[in-house]
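Colleague: Could you walk me through this model? I have a few quick questions.

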Amino acid sequence: MNIVVLVKQVPDSGTERQLDSSDNTVARASADNVINEMDEYAIEEALTVKESQGGEVTVLTVGPDGATDAIRKALSMGADKAVHVSDEAIHGSCAVQTSAVIAAALSQLEYDLVICGAESTDGRVSVMPALLSERLGIPHLSGARKLTVDGSTLKVERQTDGGFWALEAQTPAIVSTWDTINEPRYPSFKGIMAAKKKPVETKSLADLGVDAGTVGLATATSQVLDFAGRPPKGEGVKVTDEGDGAEKLVGFLASQKLV
Amino acid sequence: MPVQRLVPTQEAADLLELTRELAREELAPRVAQAEAEEQFPREVFRTLGKAGLLGLPYAEELGGGGQPYEVYLQVLEEIAAVWASVGVGVSVHGLSCFGLATAGTREQQERWLPEMLGGELLGAYCLSEPHAGSDPAAMRTKAVRDGDAYVITGEKAWTTHGGQADFYKVMVRTSEHRSRGISCFLVPGDAAGLSADPAERKMGLTGSTTALMRFEGVRVDADRRLGAEGEGLPIALSGLDAGRLGIAAVAVGLAQGALDDALAYAKERETFGVPIIDHQGLAFLLADMAAGTETARAMTLHAARLKDAGLPYSRQASIAKLVATDNAMKVTTDAVQVLGGYGYTRDFPVERYMREAKVMQIFEGTNQIQRLVVSRALAKGVPAQTAVLA
Ligand SMILES: Cc1cc2nc3c(=O)[nH]c(=O)nc-3n(C[C@H](O)[C@H](O)[C@H](O)COP(=O)(O)OP(=O)(O)OC[C@H]3O[C@@H](n4cnc5c(N)ncnc54)[C@H](O)[C@@H]3O)c2cc1C
Ligand SMILES: Cc1cc2nc3c(=O)[nH]c(=O)nc-3n(C[C@H](O)[C@H](O)[C@H](O)COP(=O)(O)OP(=O)(O)OC[C@H]3O[C@@H](n4cnc5c(N)ncnc54)[C@H](O)[C@@H]3O)c2cc1C
């Protein structure tokens, strides 16, 4: 089973993130960039499927030159090779445009299964897999908390608030993974050394046959017009215990869907 | 505060990133409880071993990571910045493999080293005895030849990982000659007649087991002797030079961890209407902590680079150990000062750092012994040398 994992490099969500005030895009060059956390689950799932089914895991990323950090991390976890789409013209692209680029790159690869994270921690659009499913004409099994592969049949437990939906489809298909699906492995030093020798193919828009005029900030379907800093933290909710403190606390947690 | 580092390769940078990730995810959540409950975190060493961190400075063809000391020590530092006991443990494990890697025959190395470096096993080394610490040549534990084996009898004090280790590098007497009567053996942890006393009840580093090992007629095959009979002390001492660098790196990490905690606190805590870092008297304390720690790191890495270049580094290793551990003692004490009364309680980790720093001035050669090494080198005369990096 040949698997392509979609991986995005994002500014570390644990740090103070910025927008670039010149064009309101995410400030990537100055940020501490890491692999999108949710994508580590996608990589882990791809490696697990490969271990039981055989085949190859290819990492695909669309991002600036610095996105090689995310690629190296994925390769050091155990992916076999990588495709890096990098082109100045992509800067400022919206999700719809990005999906056209990813779809074009996928069309040049042989795959049975595409796995991606449920959302990125910067864009947080959560629509990439659905857009790709539409563009490629393949089924989308979303929000997987469990994936089973049986020949060319894919079974997914799609996580919902109260339980799960059972989804089933034939390959080729795209699966987006939730962070409950597995526990991503750490790379090992051996993996880091091995990653140095794995092939990374860099492609431009021209290599993909995508017209540079159809992507980028100028023709994006959504643009950030203005932004403001996060307001300071407001007062918290104070629960006074009048014999029913526990109940109130549980009620609050439940209202936030934390229990 | 992130540390500014300069490393020779991209894989070294990735290795340090992996180390920080492991430290953050696997060590940080466990350290406070394990130290308070005096629990040895054997599982944590398996996790580090699986990631390949237990054999970094040894040759790749023997199962190691093929990394220069310059890189290995920075990994140790990152581990110790989060958990000193584990940093010490990784250093001790590395030291326990040193004799085989440097003095073993090729056959011995191929037989045991890949397993010892593979990450599943943990090592210990036994040099000190109850009456012989700073003066190891005063040791009395004996190995007597019996056919194609030796029989070891005696006591080895203060063994880090004592009773936990899978193998022990042991220095014992094979003749009465004070310095040339000592030999080195690799003893399996499950050897008959080998046992550990209850662990020492220590002031700090409580997550690291330290115990006296009893050798009651332990039979060891003669092919487990490393080097020739009588060559044990030089093997032990050359291992100590490398081990001192390990402890220096651990001390740098400990000091960095203490500085980071103190700095974060100083930005939050307010007195007289401003964060305490805005009081110059307190801010200068932090500045001195940073200056000492960066200096200790620089000295440690300088010694490591000499070692990596194949140059003599014994004096520099002693200076690094001396400077880095004295600095750790000072910085951790000052970190308690920065946190005021809170720093003196067990609710904050800085008092623990202070207890942990103390032992670093004692083991792997007390700081008096380091001064002895340095002053003897000075007395003997040190040639000026300018080596050129290849
Ligand atoms: C309000 C708003 C304003 C925006 N404004 C701008 C802007 O001004 N400039 C700008 O540059 N962008 C902007 N974006 C869009 C953002 O860059 C895109 O959403 C992004 O390129 C793709 O969407 P996502 O990362 O949110 O995907 P999601 O659908 O959240 O991601 C799901 C998964 O898809 C995969 N994936 C996503 N992107 C990639 C990729 N590039 N390569 C490989 N795999 C990927 C990953 O596996 C990821 O886990 C904006 C988004 C929003 C919501
Ligand atoms: C937590 C811990 C872990 C340890 N782990 C190990 C281990 O894994 N393996 C191992 O073999 N050993 C280990 N040791 C032992 C350690 O190396 C010794 O404790 C150390 O070498 C000092 O020896 P000593 O305790 O016998 O002190 P002594 O040698 O009795 O020294 C007492 C004091 O006299 C000073 N002194 C001694 N000689 C001189 C001199 N010539 N000039 C000036 N001052 C002098 C010393 O500096 C010290 O202050 C460990 C010790 C501890 C506390």
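Modeller: Start with strand 7 (residues 140–150) of chain A, which pairs with strand 10 (residues 173–177) of chain A in the parallel sense over 3 bridges. Strands here are DSSP runs of E, at least two residues, and helices are runs of H or I, at least four, numbered from the N terminus. Two strands pair if DSSP finds at least two bridges between them.

Colleague: Which residue in strand 10 of chain A is the bridge partner of Leu141(A)?

Modeller: Val175(A).

Colleague: Before I go on, what are the ground rules?

Modeller: This is a predicted model: local features need pLDDT of at least 70, side-chain atom pairs count only at pLDDT 80 or more, and totals for chains, interfaces and linings use all residues. Residues are numbered from 1 along each chain as its sequence is written, while chains are lettered from A and ligands numbered from 1 in the order in which they are written.

Colleague: And what confidence does the predictor give the complex?

Modeller: An ipTM of 0.85 and a pTM of 0.88. Chain B has a mean pLDDT of 96 (the predictor's confidence in each residue, from 0 to 100). In chain B, 99% of residues reach 70 or more.

Colleague: Back to chain A. In what order do the strands of the open sheet run?

Modeller: The order is 9-8-7-10-6-1-4-5-11, with 9 strands and mixed pairing. Strand 9 (164–170) and strand 11 (200–203) of chain A are the edges, each pairing on one side only. Neighbouring strands are turned by 30 degrees against each other on average, direction ignored.

Colleague: New topic. Which residues come nearest to ligand 1?

Modeller: Cys116(A), Gly117(A), Ser120(A), Gly123(A) and Met128(A), out of 33 around ligand 1. A residue is near if its C-beta atom, placed from the backbone, lies within 6 Å. Helix 1 (37–53), strand 4 (57–62), helix 3 (95–107) and strand 6 (113–117) of chain A each give two or more residues to that shell.

Colleague: What is the make-up of the shell by class?

Modeller: It has 15 nonpolar, 14 polar and 4 charged residues. Ala, Val, Leu, Ile, Met, Phe, Trp, Tyr, Cys and Pro count as nonpolar, Asp, Glu, Lys and Arg as charged, and the others, Gly among them, as polar.

Colleague: How many residues does each chain put into the contact?

Modeller: Chain A gives 10 and chain B gives 11. Contact puts C-beta atoms, placed from the backbone, within 7 Å. On the side of chain A, the largest share, 4 residues, comes from helix 5 of chain A.

Key: Axes fitted to C-alpha atoms, helices over the stretch in contact; angles between N-to-C directions. Contact = placed C-beta atoms within 7 Å.
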